[in-house]
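Subject: Structure for your review, with notes

Dear colleague,

I am passing on the structure that we spoke about, and my notes on it follow directly below. Please read them with the model open beside you.

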Amino acid sequence: MLATTAVHAQVAEALNTIVVTGTRSEKTLDETPVPTEVVDQREIQRTQARTLKDALENVPGLQLTEIHGKSGFAVSMQGMTSDQVLVLIDGLPISASTGSSVDVSQYLLTEVDRIEVVKGASSAQYGSSAMGGVINVITRRIAPGWSAAGTADAGTYGAQNVGSPGAAHGNLRVSGGGEKWRASVAADVLDNKGFGVDPDAWTHQGDAIRREQYSGRLEWLPTPAGHFWVDASRYLETDTQQYEYFAPPSFVPQRKTEDITRDRFTYGGQWRFGNGVKARLAGVTEDYDSRSQEYSNAVPTATRAAALRTEHVSLQFDMPAWQRQLWQFGADVHRERLRQTANGVSEVAGNAERTANELFVQNDILFNDTWEMVLGLRAQDDSDFGTHYAPKIGLRANLPTGAAWKSVLRANFGQGYRVPNLKERHYLFDHSALGYVVLGNPNLKPESSNSFQFGGTATWNERLTLNANLFYNRVRDLIQTDMDNFTVVNGIARYTYRNVAQARTQGLETGARWQASSALAFNAGYTYTDSQDLDTGTELTRRPRSIARLGLDWQLQPATELSVRARYQSSELAASTSPARSPGWATLDFVLNQKIGRDVTAFLGVKNLTNRQRDFSNASDFGPVAGRFLYVGARISLDAAP
């Protein structure tokens, strides 16, 4: 009886997780009308995820792709590109390191409580860049009393190690306070020495990267109705790439270093008035600076400096229930500015600045205990592209259930849009050393889309949960690099961005979670995606048809837990100008967590146990970059005490 109760409690806890991203208001995961995935703190700890990229690896349907020319990763979903997926921290945007794609390797997880993933067009809720969906990182709130936690671990790439250890990681967080004032400070450092198929050779396939993140937060709770906060963080990255460039008849050693600083300051507050109105104001100012230096045979050849400033303020009012309706009103102000030079000469043409003023409204209508409808509309006035409207409608229904089953249906339609980012319009992306440059196009038009989602969730005896979701996305004026129309100047190919395609992506997402016993749980997900360039009738590039995830969590002993995660991705078209395909791949990870006493957990893990690594001699192979990685470490957590 106790085991059965534990099983029910674990599944019920997952279904009752509070999420906020889908409707910008608090709902349980079971009640939200928008398809949502959650990576909670327990999952982050059991898999020993260090970066946002690590935490997203096991979310069904997400595709993580290496950013061209860099060591980072971007995320896409439902066949939509990474430029069309909006990444937020506590509902506020984070700087995109490459145009409008966020490098999810550049956010460390010490302060993260959970990650919410909303699939499908969400521009009505969040504006531009949310065509394909939203990833919202929710940071931890500070509990009263005092607590501290820290982690230290190290790992090796075995024979591919460039340095020893291959990578080392450590973090520390201290937080606490009283009923009215609370504070926290955190530090997280990840030092990866890089790796190489032949570590003694000049070329290293894995960059040497040192990432550091420091943050501090102060909260004031003057009354139960009010909550105010300020949060400041600094991210530092040093990246070193080593490769060779063929200058007949020899290969010439090349090296590139990049130093990145991201200073982020957020502030906000919320207040519940006596009449039930809840007001929330939040804002962010972020400066993302990058300085890179290129060398050929140890001789400096190019210096590039970039500075991107993002400012965003959001105001939201949630009305009290009125005739089974929950109204929400809000406004956003967004500004961004880009500056970039190469060898002291500007690489930005024209005025690379953008401002957007936006208004949004939403009504959540609870017709009865069975039917719920969410209607939303956003109006955006962009300094460069004028006014745009994005509507959304969502429907949720509780189906008739028996004693054992509980079922929910969801249907959503939304229009998405994305204005061209500053780099796509104004930037000269100079990779002359690699034989090409990409020129910005100031005449680009915004992308837009229609997104349909239909699916549901069924739960049996609070032990088995099944879900399925059909999706259809139609994109107009898709922005991409025009690979067919280029010119050659002094042996260098010059490409530019164009609105070249009408595109369609469609498919099916499925998932299951089975709590077999109080000690054993399985989860699985499979996504099938069919994509097409409607102008040419051909398949879109870099969209695998099949993505699968499989997980197992086994409590071997009261203090011992084994977690296994398997990932599969089918082949994908490498380029529109060639039939070459990147081969499919599969990886397997496992982590063994051993609790030692009340406060200490030791862990041992292996990533990519099968050592599946891409063929670096094949330019069309986009499989895993890193091979097998073995690591060991420990975490200490001291619970808050008054």
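I begin with strand β32, which gives the most to the lining of the second largest cavity, namely four residues. Please bear in mind throughout that this is a predicted model.

The second largest cavity holds about 130 Å³ of space, and of the 16 residues that line it, those closest to its centre are T47, E57, N58, D589 and K607. By residue type, the lining of the second largest cavity divides into five nonpolar, four polar and seven charged residues.

In the lining of the largest cavity, 14 residues are nonpolar, 13 are polar and eight are charged.

Turning to the aromatic residues, the structure holds 13 aromatic pairs. One of these is formed by F413 and F452, a tilted pair with 4.9 Å from centre to centre and 40° between the planes. This pair links distant parts of the chain, since F413 belongs to strand β23 (residues 405–418) and F452 to strand β26 (residues 447–460), 39 residues apart. F413 is partly exposed, at a relative accessible area of 22%, and F452 likewise counts as partly exposed, at 41% relative accessibility.

F452 also forms an aromatic pair with Y472, again tilted, with 6.2 Å between the centres and 55° between the planes. Because F452 lies in strand β26 and Y472 in strand β27 (residues 464–481), the pair ties together parts that are 20 residues apart in sequence. Y472 is itself partly exposed, with a relative accessible area of 28%.

Elsewhere, Y157, F195, F603, F629 and Y631 form one aromatic cluster. Two arginines also lie over the faces of tyrosine rings: R255 over Y295, at 4.2 Å from the ring centre, and R262 over Y235, at 4.7 Å from the ring centre.

As for the strands, five of them form an open sheet in the order β3-β8-β9-β6-β7, with mixed pairing. Which strands stand at the edges of this sheet? They are β3 (36–40) and β7 (92–93), and because each has a single partner strand, one side of each is left without a neighbour in the sheet. Within the sheet, strand β8 (residues 112–119) and strand β9 (residues 133–139) run antiparallel and are joined by seven bridges, and I115 stands opposite V137 in β9.

Some details of the backbone may also deserve a look. A cis peptide bond, with omega about -5°, joins S164 and P165, and P165 has its place in the loop between β10 (145–156) and β11 (167–177). Another cis peptide bond joins P248 and P249, where omega is about 10°, and P249 is found in the loop between β14 (226–247) and β15 (250–272).

Positive phi values occur at two residues that are not glycines: R24 has a phi of about 60°, and N343 has a phi of about 55°. R24 lies in the loop between β1 (18–19) and β2 (27–28), whereas N343 lies in the loop between β18 and β19 (345–346). Is R24 buried or exposed? R24 counts as buried, because its relative accessible area is 14%, and buried means under 20%.

With best regards

Notes. Residues numbered from 1 in each chain as written. Predicted model: local features only at pLDDT ≥ 70, side-chain atom pairs only at ≥ 80, totals over all residues. Heavy atoms only, no water. Nonpolar A, V, L, I, M, F, W, Y, C, P; charged D, E, K, R; others polar. 1 Å grid on protein atoms, 1.4 Å probe; cavity = no way out; pocket = protein on both sides within 12 Å on 5 of 7 lines; lining within 4 Å. Points joined across faces, edges and corners; volume = space filled by probe spheres on them. Helix = DSSP H or I, 4+ residues; strand = E, 2+ residues; numbered from the N terminus. Phe/Tyr/Trp six-rings, centres within 6.5 Å; stacked < 30°, edge-to-face > 60°. Buried < 20%, exposed > 50% of the residue type's maximum accessible area, 1.4 Å probe, protein only. Lys NZ or Arg CZ within 6 Å of the ring centre and 35° of its normal. Pairing = 2+ DSSP bridges.
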